[in-house]
Amino acid sequence: MDDPVLLTGATGRVGTAILDGIGDDYEWRCLARSPPEDDLPGEFVAADITDEDAMNDAMEGIGAVIHLAGDPRPEAPWSSVLENNIDGTKTILQAAVDEGVEKFVFASSNHAVGAFETDERTPEMYRTHDEFRLDGTELPRPGNFYGVSKAAGETLCRYYHDHYDLDVVCLRIGNLTKNHPPIDYERGQAMWLSHRDCAHLAERSLEADYDYEILYGISDNDRKYYSLEPAKEAIGYEPRDNSAQFDGKERVD
Ligand SMILES: NC(=O)C1=CN([C@@H]2O[C@H](COP(=O)(O)OP(=O)(O)OC[C@H]3O[C@@H](n4cnc5c(N)ncnc54)[C@H](O)[C@@H]3O)[C@@H](O)[C@H]2O)C=CC1
Ligand SMILES: O=C1O[C@H](COP(=O)(O)O)[C@@H](O)[C@H](O)[C@H]1O
């Protein structure tokens, strides 16, 4: 991707992981609701993603969008996910197609499919020996309104792909933590996404050719219930980390 990349939600946890890893590799336009505390690469735009005029301005000259901005709380109320996650995503998508953007990377979530984690399947499905896998071809089964908003975002992306020819990858991100996987949390260890794998996932999403994809974004954890094969096949994702390499905070391999 030679054209500038718009990174919404650039000041947040996922944005930080991406910029720490590939901040020097692209021409960025970073966007968030409030100005950053530390310097970010490229230009910075402080705006709300539900503001149509501001999004049209922010999209000028952009070749690809990584859309992270939104309410990331699994317990977020409907009013917030409706505004920030659903309306905000629709506003960004419309601005992107109006500008003729080539690629759109959407930060979806494990919570879009959280209700697959039934009482019958858990906690076994979080364990290494268990062979249950989701691969992105299943219908969404959200576990909360936040998950509903992410499923809605994936559907909005599908609509803009089908009707405006926008290439889209929806990344159902697991649990991003820095330095080490979540501790004493089997579910989190099964869906851990390390910072460097997160940055690599973003890089592959900017560089690969695809039409419309729903892919899981986790590290290559021994414990897992999301298949990584579709992401390897579709965008050449090759994760390097694995929550099994850690004993608590310590890397043991
Ligand atoms: N952190 C994680 O483990 C996961 C995150 N995700 C998704 O990744 C995305 C980023 O999540 P985090 O970085 O964890 O969140 P965060 O809360 O750390 O950062 C959110 C970012 O979005 C911006 N933002 C929020 N609402 C906005 C609005 N209306 N207009 C403009 N900017 C707005 C904030 O200014 C901030 O830059 C979210 O869409 C979240 O749902 C998905 C799965 C896991
Ligand atoms: O989508 C998200 O998922 C992660 C992992 O979910 P959790 O319920 O196991 O914590 C969450 O930490 C993050 O805030 C959220 O945006």
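User: Which residues are the closest to ligand 1, among those that surround it?

Analyst: This is a predicted model, in which local features need pLDDT of at least 70, side-chain atom pairs count only at pLDDT 80 or more, and totals for chains, interfaces and linings use all residues. Residues are numbered from 1 along each chain as its sequence is written, chains are lettered from A and ligands numbered from 1 in the order in which they are written, and side-chain values use heavy atoms, with hydrogens and water left out. Counting a residue as near if one of its heavy atoms lies within 4 Å, ligand 1 is surrounded by 25 residues, and the closest are T11, R13, L68, Y146 and K150.

User: How many Å separate an oxygen atom of ligand 1 from an N or O atom in the side chain of K150?

Analyst: Polar contacts are pairs of N or O atoms within 3.5 Å; within protein, one must be able to donate a hydrogen and the other to accept it, and residues adjacent in sequence count only if both atoms are side-chain atoms. Through the backbone, G9 places a polar atom 3.5 Å from an oxygen atom of ligand 1, and R33 has a backbone N or O atom 3.2 Å from a ligand oxygen. For the side chain of K150, the separation is 2.8 Å.

User: What percentage of the area that ligand 1 exposes when taken alone does the protein bury?

Analyst: Accessible areas come from the Shrake-Rupley method with a 1.4 Å probe, and for residues only the protein chains shown count as cover. Taken alone, ligand 1 exposes 830 Å², and the share of this that the protein buries is 89%.

User: Is Y146 buried or exposed?

Analyst: Y146 lies in helix 4, where helices (H or I, at least four residues) and strands (E, at least two) are DSSP runs numbered from the N terminus. An unreviewed UniProt entry annotates Y146 as "active site", although such annotations, given in the numbering used here with shortened feature names, may be inferred rather than shown by experiment. Buried means under 20% relative accessible area, exposed over 50% and partly exposed in between, with a 1.4 Å probe and protein chains only; because its relative accessible area is 8%, Y146 is buried.

User: Where is R121, and what is its relative accessibility?

Analyst: R121 belongs to the loop between strand 5 (103-109) and helix 4. Its C-alpha atom is separated by 33 Å from that of G15, 106 residues apart along the chain. R121 counts as partly exposed because its relative accessibility is 29%.
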